[in-house]
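Dear colleague,

Please find the structure below, handed over for your study. My findings follow it.

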Amino acid sequence: MAPTIAIPSPQKKGEAALRRRNEELERELRESREREERMRAELARAMERLRVAEEAEERLCSELGDLEAEAVGQAREYGARIVELLEQLSGAKEMLERTSSFSSVFSQ
């Protein structure tokens with residue numbers, strides 16, 4: 001018997017090429033799904049950071065409002081105290097002027 005050489009038929013070559021292409025597509029699909037999963041996880045982390053930042057902003061705005069209200073109250077109190085002190089000063093000045101005019105009447 002004579003030795004035979006196996007020559008792949010064109011059909012087998014096509015099947016092998018299709019198998020390789022299929023494996024390549026499956027690998028690309030797997031990589032794409034992994035990339036998508038990483039992106040979803042990254043998006044979830046970004047959304048969590050955004051939520052935390054928004055909560056912090058709300059707290060800061062609330063605190064700022066409280067501080068502004070307190071500052072307005074203090075400004076009103078200081079304004080009232082200044083008016084009170086001006087009135088006292090004016091009264092003391094009038095009393096001093098009356099006292100000096102009495103002393104000048106008695107000294108003559």
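Glu15 is partly exposed, with a relative accessible area of 36% (buried means under 20%, exposed over 50%, partly exposed in between, with a 1.4 Å probe and protein chains only). Glu15 forms a salt bridge with Arg19, their closest N and O atoms being 3.8 Å apart; the term denotes a side-chain nitrogen of Lys or Arg within 4 Å of a carboxyl oxygen of Asp or Glu. Because Arg19 and Glu15 are four residues apart in helix 1, about one helical turn separates them (helices, H or I of at least four residues, and strands, E of at least two, are DSSP runs numbered from the N terminus).

This is a predicted model, in which local features need pLDDT of at least 70 and side-chain atom pairs count only at pLDDT 80 or more, while totals for chains, interfaces and linings use all residues. Residues are numbered from 1 along each chain as its sequence is written, and side-chain values use heavy atoms, leaving out hydrogens and water.

A search of the whole structure finds seven salt bridges. One of them joins Arg21 and Glu24 at 2.8 Å, N to O. These two residues are three apart in helix 1, so they too are separated by about one helical turn. Arg21 is partly exposed at 41% relative accessibility, and Glu24 is partly exposed at 32%.

Glu55 and Arg51 also meet in a salt bridge, at 2.5 Å from N to O. They lie four residues apart in helix 1, which means a separation of about one helical turn. Salt bridges with shared partners join Glu48, Arg51 and Glu55 into one network.

With kind regards
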